[in-house]
Amino acid sequence: MPRWFTQGAAARLLRRFITESRLLGLILACLTGAAGGLIASYMGLAAMALHWWFFGVPFTERLSGDFVPDLGMVAICLVAGGFLVGLSNRIWRLYVKLDIADPIEANALYGGRMTFRGSLFVAGQAIASNGVGASVGLEGGFTQLGSAVGSWLGRVLKRPREDMRLLVACGAAGAIAGAFDAPVAGLAYGFELVLAAYSPLVLAPVALAAICGKYAAAFSAGHGYHIIINSGLVGANAAPAGAWSIGIGIACGLLAIGLMRGVTWLEHLIQLTRLPRFVATTLGGAAMAGMALISSHVLGAGHGAIDVIFAEPQTASVLAGLLLLKIAACVISIGCGFRGGLFSASLYLGALAGGAAGLLVTGAGFMQPEALAMMMVIAMAAFGAAVVGTPLAMAILAAEMTGQVGIIPDALLAVIAATLVVRALFGYSFSIWRLHVRGSPARSAEDIAWARTIQMKEIMRPDVHKAPDTITCAELLALHPPGSTKRVVLTDAAGRYRGLCDPSEIAFSAKDMSAPAEGFAKQKDEFLTLAQSLDDALHWLEKLGRESVIVVRSESDPQVMGVVTESYVLKRYAQELERRKAA
């Protein structure tokens with residue numbers, strides 16, 4: 001053995017292999033993806049076991065399918081389940097007091113660090129919510145727990161920050177690939193939603209994770225969607241198909257906005273009533289039970305209901321009615337506090353919207369009746385992209401569900417139209433909107449934690465125009481004529497901040513030029529401090545909708561130090577982002 005190969009050298013080599021090796025990174029990606037696939041598979045089995053136990057649903061069928069459960073038992077389970085889900089959430093907040101970051105937030109703010117205990121709690125609540133019949137899927141649970149496995153492996157082996165973020169994406173990709181038997185869609189999901197970026201360096205680990213997730217689920221108890229459509233119609237009649245794709249994409253985008261607004265409105269209403277969470281979920285369960293009296297297809301995520309509408313002829317009015325009922329069920333389930341995702345539910349909603357609109361289009365002779373199944377699949381992709389925020393993943397999922405690669409161009413048109421409508425009229429997908437409602441600064445999974453390290457003094461402009469708060473309008477205009485500056489900072493005798501004035505506004509609005517200019521002061525209580533960061537400035541400017549905000553020394557000593565403007569903050573953010581991408 002060479003002299004240099006001492007015990008210490010061996011330990012250093014092993015430590016370096018564990019923390020830096022690319023090969024080990026690929027092995028961890030495979031393990032994480034396989035874990036995600038297994039988690040998705042067994043969570044699905046657990047929910048089906050609850051459906052069998054509570055409602056007698058055979059394992060060969062789904063709760064929302066042709067099987068009609070005893071509606072009395074449905075009511076009991078939904079009300080009792082709502083009470084227990086809400087109560088467990090209350091107990092968690094009171095006694096555990098542990099914030100739970102989802103994969104998007106973890107990658108954006110915490111370098112891929114997730115709490116495994118909190119993720120187990122989320123997964124358990126998702127199983128319970130779906131198991132009692134609430135209109136939610138398991139996706140929020142199994143992507144959370146799959147990503148947490150990757151985060152845990154990265155922490156144990158002390159992998160670098162970028163590897164931690166990558167493993168979080170691998171867990172989510174493996175879970176989606178396993179749940180839907182769609183590895184390429186799982187790969188795209190990991191890139192679009194959980195990494196929010198793509199580079200050739202991360203293709204191999206995420207792709208391997210998705211493939212391992214698919215096979216891990218298939219070898220255990222995986223379930224996938226496989227929809228049979230006439231391959232001869234795919235890509236035919238390009239002009240009508242393209243027009244249909246764009247039209248149904250716009251319609252699905254608008255419906256998705258209604259769904260997302262409805263959830264937020266209901267949550268806000270519950271907050272105003274100050275109902276305890278367990279009371280809200282109990283009432284939500286009762287409302288879901290009432291909807292089940294109209295149609296049991298609204299129960300669960302909608303897996304069985306998708307099969308039903310593809311297999312059995314329906315009328316446009318029936319499909320439209322089910323669409324409105326399912327949207328209301330999703331709003332009530334999520335808004336009242338049941339835990340889960342809307343991935344599968346959005347696919348069912350898209351199939352309903354595509355079926356209702358497609359029957360009208362084919363009935364009018366614009367497309368062949370045999371194309372209806374293809375039209376429904378395209379609508380499924382559009383609604384899913386609008387809600388989840390993963391257009392490429394949904395377009396690919398349409399191809400993997402049907403086995404028809406030729407459907408991708410039309411599916412892409414639909415998902416692009418849907419996501420553009422959501423972005424223009426709403427701003428966020430449901431996944432990002434939930435972070436926004438919670439007050440999180442994350443707007444994607446792109447790593448923005450570095451924004452907290454850039455200090456205020458690096459982004460503020462110290463050259464501000466100041467004037468005493470005792471100055472008159474005439475004196476202020478003499479010093480700062482209209483057009484010379486957009487803002488004049490008023491300060492007291494000690495230099496403390498007292499508000500902003502716009503000389504142009506004073507010149508236009510002031511009736512008495514001898515009056516104090518302080519009467520035109522605005523943003524008196526709006527300021528940032530030197531202790532804050534670029535991240536705080538971004539969040540504050542977005543929250544206030546201002547073009548600029550004054551920076552003071554501290555809240556206790558509001559000496560004016562400078563000003564930050566929206567244009568420069570955004571420019572600085574973009575420059576730093578590009579620099580870090582190129583590094």
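Predicted model: local features only at pLDDT ≥ 70, side-chain atom pairs only at ≥ 80, totals over all residues.
**The whole chain**

Begin with the protein chain displayed as a cartoon, in which there are 22 helices and six strands. If you colour by accessibility, buried residues make up 54% of the 583 residues, while the chain as a whole exposes about 25,500 Å², of which carbon and sulfur atoms supply 62%. Turning to contacts between residues at least 6 apart in sequence, 73% join residues that are at least 24 apart.

Next, select strand S1 (466–468), strand S2 (residues 488–491) and strand S3 (497–501), which together form an open sheet in the order S1-S2-S3, with mixed pairing. S1 and S3 are the edge strands, each of them pairing on one side only. Viewed across the sheet, neighbouring strands are turned by 30 degrees against each other on average, with direction ignored. Strands of a sheet pair through backbone hydrogen bonds, either parallel or antiparallel. Zoom in on S1 and S2, which pair in the parallel sense over three bridges, and show Lys466, which stands opposite Val489 in S2.

For a distance to display, take the C-alpha atoms of Thr472 and Ser514, which are 5.5 Å apart in space although the two residues are 42 apart in sequence.

**Two loop residues with positive phi**

Now move to Lys158, in the loop between helix H6 (139–156) and helix H7 (161–180). Lys158 is not a glycine, yet its phi is positive, at about 55 degrees. Is the residue buried or exposed? Lys158 counts as exposed, since its relative accessibility of 65% is over the 50% cut-off.

Finish at Arg274, which is found in the loop between helix H10 (238–273) and helix H11 (277–294). Arg274 likewise has a positive phi in a residue other than glycine, with a value near 60 degrees, and the residue is exposed, with a relative accessible area of 75%.

Notes:
Residues numbered from 1 in each chain as written. Heavy atoms only, no water. Helix = DSSP H or I, 4+ residues; strand = E, 2+ residues; numbered from the N terminus. Buried < 20%, exposed > 50% of the residue type's maximum accessible area, 1.4 Å probe, protein only. Contact = heavy atoms within 4.5 Å. Areas by Shrake-Rupley, 256 points an atom, 1.4 Å probe, with all protein chains shown as cover. Pairing = 2+ DSSP bridges. Axes fitted to C-alpha atoms, helices over the stretch in contact; angles between N-to-C directions.
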